[in-house]
Amino acid sequence: MAFRSAQFAGLMVINYLIALRGLRPAASVKAADFNPQGNFFLDDHKPCSYAVTAMPELPEVETIRRDLLPRVVGRTITHVYLSPDAPRLVRWPSPAEFCRALPGQRIEAISRRGKYLLFHLSDGPACRQARRYLIVHLRMTGVLLHRDQDAPADAYLRAVLALDHGDELRYTDFRKLGTMWLTDDPHSVVGRLGPDVLDQAFTVAVLRSLLDRRSAPIKAVLMDQGALAGLGNIYSEEALFLAGVHPQRPAKSLSDDDVTRLHRAIGEVLAEALGHRGSSFRDYVDAEGRQGRHQWHVKVYRRTDEPCYTCGTQIERVKVGGRSTHFCPRCQK
Ligand SMILES: [Zn+2]
């Protein structure tokens, strides 16, 4: 009950803040929303408008993982709440089974594979061998927040995992494209991903072998999660700029020097973005609700017609694989 009264009080604050912005409130709790498992659902109202957003990529997901490690590892899930308004959130098993199976599970570890977060779950302190995995993909606007149960309500709340010390993992998602799985076989979800770009196994030779087989533009290959896991629009553009490689070049046309520079650039761009705790162009916030800072440090992403920091030439925008792509026509060949 404490959860509901806190939600109500918080909702008043959220309603006020959202009214100031001309938007409608995102979530409200109704007594009729309790389901047969004793968990309750959250009502939702459609937002009025939305603009193109930047999707969380490896640095954003990894920042959330590192934030959550000291806060939730070793903790036991006590209750689960799911919004009926996001029926596509839980991909496996059914929402009812998801709510039934998670309470009592202890979080033993959190790992990451590309843009996926994996919560390793055990049956409890007596048997701490992880047997199940809660896998989360934030997609476009998903956010994972660690909150005290008495904290004000969060807008666009889709799911809550209540934890044993009176705190919560809250999942919010404006566009409702995020996905979750509860499975004993994580390979069934992340098995088709290419090598993670932060994994030590991702070497220059591995990148070379990935590109040799592809005539698609290098930018499209870098963003193909089946080839390479973790890069999206922002960091593939930034890495190509740093490497001096034109985003439309066929992947297999890159020389050995190009591939070596690109491999190094990917590592440098990701390390810098992690240092800035990710990029917040619109929606991304970390597990405490704070924005990242890397959006102030990008060299080409969304800088159409602005001067290149290296040569002064105007940054251009083209479509690659259906996505807007920014580059310097002088620095990138
Ligand atoms: Zn330039």
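The structure is a predicted model, in which local features require pLDDT of at least 70 and side-chain atom pairs count only at pLDDT 80 or more, whereas totals for chains, interfaces and linings use all residues. Residues are numbered from 1 along each chain as its sequence is written. Helices (H or I, at least four residues) and strands (E, at least two) are DSSP runs, numbered from the N terminus, and two strands are taken to pair if DSSP finds at least two bridges between them.

The strands β3, β9, β10 and β8 form, in that order, an open sheet of 4 strands with antiparallel pairing. Its edge strands are β3 and β8 (142-148), each of which pairs on one side only. From one strand to the next, the twist averages 15 degrees. Helix α2 packs on this sheet, touching β8, β9 and β10, and its direction makes about 25 degrees with that of β8. For such angles, axes are lines fitted to C-alpha atoms, for helices over the stretch in contact, and the values run from 0 to 180 degrees between N-to-C directions.

Strand β9 (residues 157-163) is largely enclosed by the rest of the structure, because 6 of its 7 residues are buried. A residue is buried if 20 or more other C-beta atoms lie within 10 Å of its own, exposed if 12 or fewer, and partly exposed in between, with C-beta atoms placed from the backbone. Antiparallel to β9 runs strand β3 (residues 77-82), joined to it by 5 bridges; here H79 stands opposite A162. Strand β10 (residues 167-173) also pairs with β9 in the antiparallel sense, over 5 bridges, and V160 stands opposite R170. β9 and β10 form a hairpin with 3 residues between them, and G166 in the turn has a positive phi of about 80 degrees.

Helix α2 (residues 58-72) also packs against helix α8 (residues 256-275), at an angle of about 45 degrees and with the axes 9 Å apart. This angle makes α2 oblique to α8, a class that holds the angles left over when those under 35 degrees count as roughly parallel, over 145 as roughly antiparallel and 65 to 115 as roughly perpendicular. The contact involves L58, P59, E62 and T63 of α2 together with L270, A273 and L274 of α8, where contact requires C-beta atoms, placed from the backbone, to lie within 7 Å.

Elsewhere, A205 belongs to helix α5 (residues 204-212). A205 is exposed, with 10 other C-beta atoms within 10 Å.

Definitions and conventions
Contact = placed C-beta atoms within 7 Å.
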